[in-house]
Amino acid sequence: MGLEQEVAILKKIPLFARIDPTKLKLMAFASERMIFKPGQAVCRQGDVGDSAFIIIDGEADILIESDGGPIKVASVGRNDIIGEIAILLDVPRTATVQATSDLQTLKITKDLFFRMVTDFPEMGVEIMRVLAHRLDATNAQLRAAR
């Protein structure tokens with residue numbers, strides 16, 4: 001896949017929809033394309049969070065370790081961003097992300113991520129929306145579990 005195709009994919013992601021294509025090209029060029037097979041971990045709970053991942057294609061499960069083994073708390077797919085909590089808060093990974101199909105991602109380093117958020121405040125607002133939505137979904141799951 002070429003740079004132009006990656007930019008077209010990034011443009012479809014709400015997080016990057018308003019960002020100038022020239023800047024997206026720079027981001028796509030500076031990011032690393034990574035492919036994971038079903039069952040392979042993209043990142044593991046407790047690891048150092050040095051990057052975020054944008055899912056270009058495929059699906060993955062978000063797993064939280066518990067005394068009884070891993071618990072699936074969500075599924076993610078195309079256009080989702082994962083791993084941003086660890087780099088935003090500078091904490092260990094809060095969950096394990098495991099591919100459930102062939103998974104194509106763009107790995108965005110912490111430095112590149114913060115440079116993009118600094119250059120494009122609207123990206124920060126969109127990240128807040130994503131995180132607020134996740135918090136709302138988690139609260140709904142907790143209410144349902146009671």
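In the predicted model, a total of 8 salt bridges is counted. One of these joins the side chains of R33 and E6, whose N and O atoms lie 3.0 Å apart; the two residues are 27 residues apart and belong to distant parts of the chain, with R33 in strand β1 and E6 in helix α1 (residues 3–11). R33 is partly exposed, at a relative accessibility of 27%, whereas E6, with a relative accessible area of 8%, is buried.

A further salt bridge is formed between D50 and R93, with 3.9 Å between the closest N and O atoms. Because D50 is located in the loop between β2 (41–43) and β3, and R93 in the loop between α3 (84–89) and β7 (96–99), this pair ties together parts that are 43 residues apart in sequence. Of the two partners, D50 is partly exposed at 43% relative accessibility, while R93 is buried, with a relative accessible area of 6%.

D90 is exposed, with 59% relative accessibility, and K110 is partly exposed, with 24%.

As for the strands, an open sheet with antiparallel pairing is built from 4 strands in the order β1-β8-β3-β6. The antiparallel pairing of β3 (residues 51–57) with β6 extends over 2 bridges, and F53 has I82 of β6 as its bridge partner.

Methods. Residues are numbered from 1 along each chain as its sequence is written. This is a predicted model: local features need pLDDT of at least 70, side-chain atom pairs count only at pLDDT 80 or more; totals for chains, interfaces and linings use all residues. Side-chain values use heavy atoms; hydrogens and water are left out. Two strands pair if DSSP finds at least two bridges between them. A salt bridge is a side-chain nitrogen of Lys or Arg within 4 Å of a carboxyl oxygen of Asp or Glu. Buried means under 20% relative accessible area, exposed over 50%, partly exposed in between (1.4 Å probe, protein chains only).
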